[in-house]
Amino acid sequence: MSTVSGGEASTSVDSRPRAQGKKHGAVPRPRAPRLALADVPRHWFGGSRAATQIANGVNLLFPAGERFFVRSVRRYLDRVSPELAAQVKGFFGQEGRHAQAHERLFDTMRAQGFDVDSILERYERLAYGGLERMVPPKLRLAVTVALEHFTAILAEDALAGEALVFADPEVRRLLEWHAVEELEHKAVAFDVLAEVDPSYVLRVLGMVVAVLTLGGFWLFATRELLKQDGSSLRAAIREMRELRARARRAGAGRGMEPITTRVFLRGIVEYLKPGFHPMNRDHSELVAKTLERLESEGVVSPERYDAAA
Ligand SMILES: [Fe+2]
Ligand SMILES: [Fe+2]
């Protein structure tokens, strides 16, 4: 057992393969966050065009991606144990809320003059009008599992890293609430796949498709947003290098390494370990501390937890 320090909280990693049996935690419960996203500034991430559009790039993928996760898992709902089915319903409720909240931020971007719809239209046509139909259902489930692993990494990064201190407070709250719930349901899709088909080869195939699609569409969306914002990928890479160097000099660079290593390389290495299970990494302390802060800021409250939608 080793402990990884992260921000105010910590995550601990248990590298031992988990025993069969109870793997998931409490049933995920969707919350209705109070967020005021209409006045989010154009460059909400530290005033940086590059950092904002890289984050907006992946945010644009979330709503349609989350609906894809729900479709992929729903197909197998009647094939899993009742205990896991209850988890799945909580997962559906949380993902539905995330998609709606992120779409509210799209409205703000539209008001700022971004043509998000042309990006969304091309992404959704290719990903869900084309690719999804070509991929067999079990592989779609395996892709969902791998993408949920990446969202858990992004969530841990958001909560344990230092980058979000530079974000507009309302976007920080949106991302923190989303990150908390991603960590709460991080094992659900994985456990569904384990009950439906525990094949390692299928899991790895899912990862291959996930890396190509997440990497490709994230790059596409970011490039388009940068173009609309009068910049380019090349300029953004330069800006990010300078930002990271400045953060390092100020002693605040944790969680700001390049996405290729921080998200993709780490995600792949962890995922390929035969004993991998999302619950091997304990995020309970990180989740509890963040929830406490979000409750103190009035973003979520325990009384407003809804039953799974
Ligand atoms: Fe989500
Ligand atoms: Fe998720």
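Reply: Let us begin at the end of one helix, where H7 is followed by glycine 230, a residue whose phi is positive, near 75°. Please keep in mind throughout that this is a predicted model, and that every value below is computed from it. Helix H7 itself covers residues 200–228, which makes 29 residues, and at 1.5 Å a residue these should span 42 Å; the end C-alpha atoms are 42 Å apart, so the length agrees with the expectation.

The chain contains 10 helices and three strands, and their order along the sequence is β-β-α-α-α-α-α-α-α-α-α-β-α. Among contacts between residues at least 6 apart in sequence, 87% join residues that are at least 24 apart.

One pair of residues shows such a separation along the chain. Alanine 55 and threonine 222 are 167 residues apart in sequence, and yet their C-alpha atoms are separated by 8.1 Å. Alanine 55 belongs to helix H1, which runs over residues 49–74, and this alanine counts as buried because it has 22 C-beta neighbours inside 10 Å, where 20 or more are required.

From H1 we can move on to its packing against H2. The axes of these two helices come within 9 Å and cross at roughly 150°, and since an angle over 145 degrees counts as roughly antiparallel, H1 and H2 are therefore roughly antiparallel to each other. H1 passes H2 in a left-handed crossing. On the H1 side the contact includes Asn56, Phe62, Arg67 and Val73, while on the H2 side Val88, Phe92, His98 and Met109 are among the residues involved. Sorted by class, the contact of H1 with H2 has 10 nonpolar, four polar and four charged residues.

Helix H2, which covers residues 82–111, also packs against helix H6, residues 188–196, at an angle of about 140° and with the axes 10 Å apart. That angle makes H2 oblique to H6, and here too the crossing is left-handed. The residues that make this contact are Leu84, Gln87, Val88 and Phe91 of H2, together with Val188, Asp191, Val192 and Glu195 of H6. Five of them are nonpolar, one is polar and two are charged. When you look at the spacing of such residues, remember that an α-helix has 3.6 residues a turn, so residues three or four places apart point the same way.

A further pair to compare is H4, residues 137–160, and H5, whose axes come within 8 Å and cross at roughly 130°. H4 is thus oblique to H5, and H4 passes H5 in a left-handed crossing. Thr151, Ala152, Ala155, Glu156, Ala158 and Leu159 in H4 meet Leu175, Glu176, Ala179, Glu182 and Leu183 in H5. By class, this contact has seven nonpolar, one polar and three charged residues. Helix H5, residues 169–184, has 16 residues and reaches 22 Å from its first C-alpha to its last, close to the 22 Å expected at 1.5 Å a residue. H5 is also mostly covered, with 14 of its 16 residues buried.

Terms used:
Residues are numbered from 1 along each chain as its sequence is written. Chains are lettered from A and ligands numbered from 1 in the order in which they are written. This is a predicted model: local features need pLDDT of at least 70, side-chain atom pairs count only at pLDDT 80 or more; totals for chains, interfaces and linings use all residues. Axes are lines fitted to C-alpha atoms, for helices over the stretch in contact, and angles run from 0 to 180 degrees between N-to-C directions. Helices (H or I, at least four residues) and strands (E, at least two) are DSSP runs, numbered from the N terminus. Angles under 35 degrees count as roughly parallel, over 145 as roughly antiparallel, 65 to 115 as roughly perpendicular and the rest as oblique. A crossing is left-handed if the near helix is turned anticlockwise from the far one by less than a right angle, and right-handed if clockwise. Two residues are in contact if their C-beta atoms, placed from the backbone, lie within 7 Å. Ala, Val, Leu, Ile, Met, Phe, Trp, Tyr, Cys and Pro count as nonpolar, Asp, Glu, Lys and Arg as charged, and the others, Gly among them, as polar. The expected span of a helix is 1.5 Å times one less than its number of residues. A residue is buried if 20 or more other C-beta atoms lie within 10 Å of its own, exposed if 12 or fewer, and partly exposed in between; C-beta atoms are placed from the backbone.
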